[in-house]
Amino acid sequence: MMSIFRRGRSGPGRVTVQEAAALTGRGNAESGGDAVLLDVRETHEWQAGHAPRAVHLPLSALASGAGLPAQAQARPLVVICRSGNRSLRAAELLAARGAEVVDVIGGMSDWAGAGLPVVDTRGGNGTVA
């Protein structure tokens, strides 16, 4: 596993959108790609636009004790929100539960700004709400 997910640090690691894309198989990196991009924004934000193949679990549900969706269980997690604030909180919660997790600096705003793909719930071009 990449050292970015190492355990025992004071808090979860933080990555750029480019690193997040590589870790989740959306970049041009030859290695990595096994981590899950977990979007913790609320449903209306997710529906407006999210990264392709991301998994959705709102921070509000996670904070209430919801478990991870099946496709995100037992895999390294790269957590993203709109700007990076909620994802840091979610990463801290997940790390406390023993997950291998990092959060994305700048969130979906920086993801879209870097030219990475954003789709809506119908698979069309999405927007960051």
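Reader: Before we discuss packing, what does contact mean here?
Author: Contact means heavy atoms within 4.5 Å. This is a predicted model, in which local features need pLDDT of at least 70, side-chain atom pairs count only at pLDDT 80 or more, and totals for chains, interfaces and linings use all residues. Residues are numbered from 1 along each chain as its sequence is written, and side-chain values use heavy atoms, with hydrogens and water left out.

Reader: What do the buried residues of α4 pack against?
Author: They pack against β2 (36-39), α3 (59-63), β4 (77-80) and β5 (101-104). Helices (H or I, at least four residues) and strands (E, at least two) are DSSP runs, numbered from the N terminus.

Reader: Which residues in α4 are buried?
Author: S87, A90, A91, L93 and L94 are buried, where buried means under 20% relative accessible area, exposed over 50%, and partly exposed in between (1.4 Å probe, protein chains only). Seen down the axis of α4, these buried residues fall within an arc of 160 degrees, so they line one face of the helix. The arc is that of the directions from the helix axis to the C-beta atoms.

Reader: And which are exposed on the other side of α4?
Author: N85 and A96 are exposed there.

Reader: What follows α4?
Author: G98 follows, and its phi is positive, near 95 degrees.

Reader: What share of the residues is buried?
Author: Of the 129 residues in the chain, 44% are buried.
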